[in-house]
Amino acid sequence: MFIHKDIKYTVIRDVNLVSTPDCKVENLWLKIELDKEDVILGGIYRHPNKNIRNFTNQLENILSGFRSNQTVIITGDINIDFLKFAKNNDIKRHLDMLISNGFSPVILSPTRISEQTQTLIDHVYIRYSHSLLQNSHQIEAGNILTTISDRFSNVLLITVPKTQ
């Protein structure tokens, strides 16, 4: 996670996904000040091939603790393949949980490509506050394409309008 040096932030120590043997996870939650608004930013690494249902339940409990009108951004190597949501009930439930809590996935193309497979396992989800949308913030997201690895990096850019 990279945050520009001019952006003020604090670590939120009382928000944490708990790592268990069947749901190994590492995470960091920050409160960043963006144009006089506190934005929650969560960075998550969910170990592959672990229990999706337990992860979804824990994440839902954390999301319910944030105000419904607060901007929350979640990003990370989640290792849940959104391209398989129609075939896997746990993936569908995870995606349904995000959407029912007001989040939109903003990375929609594969993030890991090999000769045999394509997967969308690196995610960025956003729930916008009304003030962020009304204040002409420009938000862009996508993948950085590279041949260094079989994975693409996600990028999320939030442009804050200059105040007069």
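**Helix α2 and its neighbours**

I began with packing: the buried residues of α2 are in contact with α1 (52–64), β5 (104–105) and β8 (122–127). Contact here is heavy atoms within 4.5 Å. Buried is under 20% relative accessible area, exposed over 50%, partly exposed in between (1.4 Å probe, protein chains only). Helices (H or I, at least four residues) and strands (E, at least two) are DSSP runs, numbered from the N terminus.

I noted that this is a predicted model, where local features need pLDDT of at least 70, side-chain atom pairs count only at pLDDT 80 or more, and totals for chains, interfaces and linings use all residues. Residues are numbered from 1 along each chain as its sequence is written, and side-chain values use heavy atoms, with hydrogens and water left out.

Which residues of α2 are buried? I found Ile91, His94, Leu95, Met97 and Leu98. Seen down the axis of α2, they fall within an arc of 155°, so they line one face of the helix. The arc is taken from the directions from the helix axis to the C-beta atoms. On the face turned away from the buried side, I found the exposed residues Asn89 and Ser100.

Next I checked the ends. Asparagine 88 caps the N-terminal end of α2, with a side-chain oxygen 2.8 Å from the backbone nitrogen of aspartate 90. After α2 comes glycine 102, whose phi is positive, near 85°.

Last, I looked up proline 21. It sits in the loop between β1 (9–11) and β2 (25–34). Proline 21 is exposed, at a relative accessible area of 72%.

Conventions:
Polar contact = N/O pair within 3.5 Å; in protein donor to acceptor, adjacent residues only side chain to side chain.
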